[in-house]
Amino acid sequence: MSKLFQARFFTTVNNLDCLPQGPLREVAFAGRSNAGKSSAINVLCNQKRLAFASKTPGRTQHINYFGLFAKEDLLGYLVDLPGYGYAAVNHETRYHWNSLVSDYLQQRNALVGMILIIDSRRGMTDLDEQMIQWFVPTGKPIHLLLSKCDKLNKSECRHTLEAVEKRLAELADSVANFPAPNQQLSAQLFSSTKRVGLEEADKIIINWLFDAPTQRNASAQPNVLTLLNAPTQTEEN
Ligand SMILES: Nc1nc2c(ncn2[C@@H]2O[C@H](COP(=O)(O)OP(=O)(O)O)[C@@H](O)[C@H]2O)c(=O)[nH]1
Ligand SMILES: [Mg+2]
């Protein structure tokens with residue numbers, strides 16, 4: 001049984017001052033709205049409705065924490081970040097999202113790795129690359145789940161994975177000091193509905209939370225304004 005199975009909703013925050021304090025580690029899930037983030041958290045935790053708390057109106061722009069428990073002992077957290085890519089959000093909302101997420105990714109010491117969910121039919125977008133670029137300077141690991149791969153046939157799956165890996169390699173070439181020595185930057189196919197790739201993703205998350213030595217890079221610079229003019233894309237599923 002995975003250590004993720006006893007996850008429970010823990011708290012929701014809209015301000016970095018309110019993040020849980022203490023020594024426990026956390027892994028963040030990021031991705032476009034509708035990419036399949038909540039479904040991935042649910043299936044990895046072997047639960048049906050855990051992460052749909054984030055769909056509650058008013059909470060979609062919040063950071064949602066799920067506590068991982070062994071009986072009553074709290075062991076760590078999974079963190080559901082607010083999704084991005086809505087066409088309809090106003091400037092104020094986008095500014096809030098932008099500073100909340102970029103500051104969180106770049107400054108949160110308890111954060112030990114980022115799972116980035118990317119719809120395998122859509123591939124990597126500019127906003128996904130922005131997330132990677134924010135997180136890269138921390139030296140912490142990044143793992144991509146190419147979600148909804150049940151919608152693709154075998155050869156489409158292979159091509160998608162290859163294209164994403166190629167793009168990651170290009171990014172690595174174009175960004176200075178990226179990846180840092182030993183910095184994990186990996187991708188896999190994933191399907192919540194068909195339960196594809198669960199074991200591989202679970203292993204990575206558990207390793208980051210409970211086994212791996214932490215990576216920390218004090219020189220990470222906040223980069224709050226980069227996304228303000230970034231294009232948004234219309235919502236579709
Ligand atoms: N076919 C398929 N649909 C999925 C999968 N994961 C999520 N979805 C659907 O995609 C939509 C968005 O999923 P959700 O998890 O709420 O995305 P979020 O906005 O990123 O949290 C929902 O209608 C899900 O049922 C998957 O693995 N396969
Ligand atoms: Mg969600």
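## Helix α2

Helix α2 (residues 91-107) has 17 residues and spans 23 Å from its first C-alpha to its last, close to the 24 Å expected at 1.5 Å a residue. The expected span is 1.5 Å times one less than the number of residues. Helices (H or I, at least four residues) and strands (E, at least two) are DSSP runs, numbered from the N terminus.

The model is predicted: local features need pLDDT of at least 70 and side-chain atom pairs count only at pLDDT 80 or more, while totals for chains, interfaces and linings use all residues. Residues are numbered from 1 along each chain as its sequence is written, and chains are lettered from A and ligands numbered from 1 in the order in which they are written.

Asn98, Leu100, Val101, Ser102, Tyr104 and Leu105 are the residues buried in α2. A residue is buried if 20 or more other C-beta atoms lie within 10 Å of its own, exposed if 12 or fewer, and partly exposed in between, with C-beta atoms placed from the backbone. The cover over the buried residues of α2 includes β3 (63-70), β5 (111-119) and α3 (126-135).

## Chain layout

The chain has five helices and seven strands, in the order β-β-α-β-β-α-β-α-β-α-β-α along the sequence. Of its 237 residues, 36% are buried.

Two residues are in contact if their C-beta atoms, placed from the backbone, lie within 7 Å. Among contacts with a separation of 6 or more, 78% join residues 24 or more positions apart.

In α3, the buried residues are Asp128, Met131, Ile132, Trp134 and Phe135. Seen down the axis of α3, these residues fall within an arc of 160°, so they line one face of the helix. The arc is that of the directions from the helix axis to the C-beta atoms. The buried residues of α3 pack against β2 (26-31), α2, β5, β6 (142-147) and α4 (154-174).

The largest nonpolar core has 52 residues, of which Phe29 and Leu116 touch the most other members. Its largest share, seven residues, comes from β5. Such a core is a set of buried Ala, Val, Leu, Ile, Met, Phe, Trp, Tyr and Cys residues joined through C-beta atoms within 7 Å. Apart from neighbours within four places in sequence, Leu116 is in contact with Ala30, Gly31, Asp128, Met131, Ile132, Ile142 and Leu144.

## Shell around ligand 1

There are 17 residues around ligand 1, and Gly36, Lys37, Ser38, Ser39 and Ser192 come nearest. A residue is near a molecule if its C-beta atom, placed from the backbone, lies within 6 Å of it. Helix α1 (residues 37-44) supplies the largest share of the shell, three residues.

By class, the shell holds one nonpolar, 12 polar and four charged residues. Ala, Val, Leu, Ile, Met, Phe, Trp, Tyr, Cys and Pro count as nonpolar, Asp, Glu, Lys and Arg as charged, and the others, Gly among them, as polar.

## Selected residues

Asn34 lies in the loop between β2 and α1. Its phi is near 80°, a positive value in a residue other than glycine. Asn34 is partly exposed, because 18 other C-beta atoms lie within 10 Å. Lys148, in the loop between β6 and α4, has a phi near 60°, also positive in a residue other than glycine. Lys148 has 26 C-beta neighbours inside 10 Å and therefore counts as buried.

Asp202 belongs to helix α5 (residues 198-211) and counts as partly exposed, with 18 C-beta neighbours inside 10 Å. Asp202 and Ser2 are 200 residues apart in sequence and 7.6 Å apart in space, C-alpha to C-alpha. Leaving aside neighbours within four places in sequence, Asp202 is in contact with Ser2, Leu4 and Leu44.
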